[in-house]
Amino acid sequence: RLRSDDRELAVSGLSWLDREWSSSALEAEQAGWDWFSLQLDDGSDLMLYQLRRRDGGADAHSSGTLLTSDGRVMRFAAGDFTLRPRRLWQAPGGERYPVAWSLQLPEADLDLIVEAMFDDQLMETAVTYWEGAVHVRNAVDGQAVGRTEGRVEHGQLDLARRWWREWHFRVGVHLLRGLMDAEEGGHAYADLAQRIQRLDDRQGE
């Protein structure tokens, strides 16, 4: 059960704990960040984030953690991994977001391609950002290495509907916690519905 103040919600399914310790503002020379949380088919979990500098480089505070299937923890500094955008998607407002990446982590013998299950996973709440479900493949042979890849079998529309249910739940939690008001929640729900309708229309073409 999920409890928020005096309310409880019954939930079921697979999940992981994403604890955000801070939402501090970026420093003047930092332009943004790229964050990855990947569950791999060997039972390991990888988290990486790259703080982007305005000069195009990676900030020295970028880091990552790999939790192996046998419980070992490997920590990585900015120079231990490489992230490179492979493809960009342009949002309706004109902003461009990377939706496919090359990820190299030599110390863990990982060379991965990470790509959005579908491009339009933009969250337009108080802060607009791209966050969504991804496929993970081995860059050498193209084989899927994401832990949930074997269950992805119903095509783009089914993935979109599962994504919609997850974000529908997230918006509800934001409302319960007072992180957005009713008007913002209404706009978020309407936006989610429009995205699924667009994908539904595209699937039927």
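**Exercises on strand pairing and backbone angles**

Glutamate 115 lies opposite histidine 135 in E12. The model is predicted, with pLDDT of at least 70 needed for local features and 80 or more for side-chain atom pairs, whereas totals for chains, interfaces and linings use all residues. Numbering starts from 1 along each chain as its sequence is written, and side-chain values use heavy atoms, without hydrogens and water.

**Exercise 1.** Determine the strand order of the open sheet that contains E12, and identify its edges.

*Solution.* Strands are DSSP runs (E, at least two residues) numbered from the N terminus, and two strands pair if DSSP finds at least two bridges between them. Step one: strand E9 (residues 110-116) is joined to E12 by five bridges, and the two run antiparallel. Step two: the four strands follow the order E7-E8-E9-E12, with antiparallel pairing. Step three: E7 (82-90) and E12 (134-138) each have a single partner strand, so one side of each lacks a neighbour in the sheet.

**Exercise 2.** Describe the hairpin formed by E3 and E4.

*Solution.* Step one: E3 (residues 30-39) pairs with E4 (residues 45-53) in the antiparallel sense over nine bridges. Step two: glutamine 39 stands opposite aspartate 45 in E4. Step three: five residues separate the two strands, and glycine 43 in the turn has a positive phi of about 95°.

**Exercise 3.** Locate aspartate 109 and characterise its phi and accessibility.

*Solution.* Step one: aspartate 109 is in the loop between E8 (96-105) and E9. Step two: its phi is near 55°, a positive value in a residue other than glycine. Most residues other than glycine have a negative phi. Step three: aspartate 109 counts as exposed because its relative accessibility is 70%, the cut-off for exposed being over 50% relative accessible area (1.4 Å probe, protein chains only).

Terms used
Buried means under 20% relative accessible area, exposed over 50%, partly exposed in between (1.4 Å probe, protein chains only).
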